[in-house]
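Subject: Structure handover and what was found

Hello,

Please find the structure below. My notes on what was found follow it.

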Amino acid sequence: MAFIPDIGSSSLASQRASCSSADLQKPAKLDGKACAAVGQPDLMALFKSVFSEDVTQAQCLVTESDFRGKDFQRQLKETVDHLLSLKTIPIFNENDADSSGIFWDNDSLAAILAKELKADLLILMSDVEGLYSGPPK
């Protein structure tokens, strides 16, 4: 989800605003992975507020290397089936902000997961404008 670094950078920026003047003299570099890590709890809190209290969510982090494993598809299906049997909604997130091969963001990850899981329904929340059935060009 593209907005995770934004959530994290806001948190880090507000923390920095309360720092001492000596701390502010040190250069601050807010890289995407640090911002995403800090934003993760806020993101899950947002999902918790979106669903009713009787709906449980689970965060499932995946990396490109997971998809390269020969047992991954079976493990993925077993995990999702088990979560669904517990009436828990799996929320997937890619765990590598610099992915460039199998998937490059959570939108592309969602499409790959829908295919791998043979999903009947995919709900994609995205900050990308429009709905396309193929590449816009």
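A residue counts as buried when its relative accessible area is under 20%, as exposed when that area is over 50%, and as partly exposed in between, using a 1.4 Å probe and protein chains only. The model is predicted, so local features need pLDDT of at least 70 and side-chain atom pairs count only at pLDDT 80 or more, while totals for chains, interfaces and linings use all residues. Residues are numbered from 1 along each chain as its sequence is written, and side-chain values use heavy atoms, with hydrogens and water left out.

Overall layout

The protein has six helices and two strands. Both kinds of element are DSSP runs numbered from the N terminus: helices are H or I with at least four residues, strands are E with at least two. Read from the N terminus, the order is α-α-α-β-α-α-β-α. Of the 137 residues, 27% count as buried. A contact means heavy atoms within 4.5 Å. Among contacts between residues at least 6 apart in sequence, 65% join residues at least 24 apart.

Aromatic residues and the core

Rings of Phe, Tyr and Trp (for Trp, its six-membered ring) pair if their centres lie within 6.5 Å; planes under 30 degrees apart count as stacked, over 60 as edge-to-face, and the rest as tilted. By this rule there are two aromatic pairs. One of them joins Phe67 and Phe103, is edge-to-face, and has 5.6 Å from centre to centre with 70 degrees between the planes. This pair links distant parts of the chain, since Phe67 is in helix H4 (residues 64-68) and Phe103 is in the loop between E2 and helix H6 (106-117), 36 residues apart. Phe67 is counted as buried because its relative accessible area is 15%. Phe103 is also buried, because its value is 0%. Phe67, Phe72 and Phe103 form one aromatic cluster.

What else does Phe67 contact, leaving aside its neighbours within four places in sequence? The list is Val62, Phe72, Ile102, Phe103, Leu109, Ile112, Leu113 and Glu116.

In soluble globular proteins, nonpolar side chains tend to be buried together. A nonpolar core is a set of buried Ala, Val, Leu, Ile, Met, Phe, Trp, Tyr and Cys residues joined through side-chain atoms within 4.5 Å. The largest such core here has 14 residues, and those with the most contacts inside it are Val62, Phe67, Leu76, Phe92, Leu109 and Leu113. Strand E1 (56-62), H5 and H6 each supply at least two residues of this core.

The largest pocket

Pockets are found on a 1 Å grid over the protein atoms alone: a pocket is an open set of points with protein on both sides within 12 Å along at least five of seven lines, and its lining residues have an atom within 4 Å of a point. Grid points are joined across faces, edges and corners, and a volume is the space filled by probe spheres set on the points. The largest pocket has a volume of about 790 Å³. It is lined by 26 residues, of which the closest to its centre are Ile89, Pro90, Leu121, Leu122 and Ile123. Helix H3 (32-50), helix H5 (72-85), E2 and H6 each give two or more residues to the lining. H6 gives the most, with seven residues.

By class, the lining has 21 nonpolar, one polar and four charged residues. Here Ala, Val, Leu, Ile, Met, Phe, Trp, Tyr, Cys and Pro count as nonpolar, Asp, Glu, Lys and Arg as charged, and the others, Gly among them, as polar.

Single residues

Thr88 lies in strand E2 (residues 88-94). Is Thr88 buried or exposed? Thr88 is buried, because its relative accessible area is 9%. Leaving aside neighbours within four places in sequence, Thr88 is in contact with Thr56, Gln57, Ala58 and Leu83.

Leu61 is in strand E1 and is partly exposed, at 41% relative accessible area. The C-alpha atoms of Leu61 and Ile91 are separated by 8.5 Å, although the two residues are 30 apart along the chain.

Most residues other than glycine have a negative phi. Lys87, in the loop between H5 and E2, has a positive phi near 55 degrees. Lys87 is exposed, with a relative accessible area of 66%. Lys118, in the segment after H6, also has a positive phi, of about 50 degrees. Lys118 is exposed, at 64%.

Regards

Technical notes. On a 1 Å grid over the protein atoms alone, a cavity is a set of points where a 1.4 Å probe fits but cannot get out, and a pocket is an open set with protein on both sides within 12 Å along at least five of seven lines; lining residues have an atom within 4 Å of a point.
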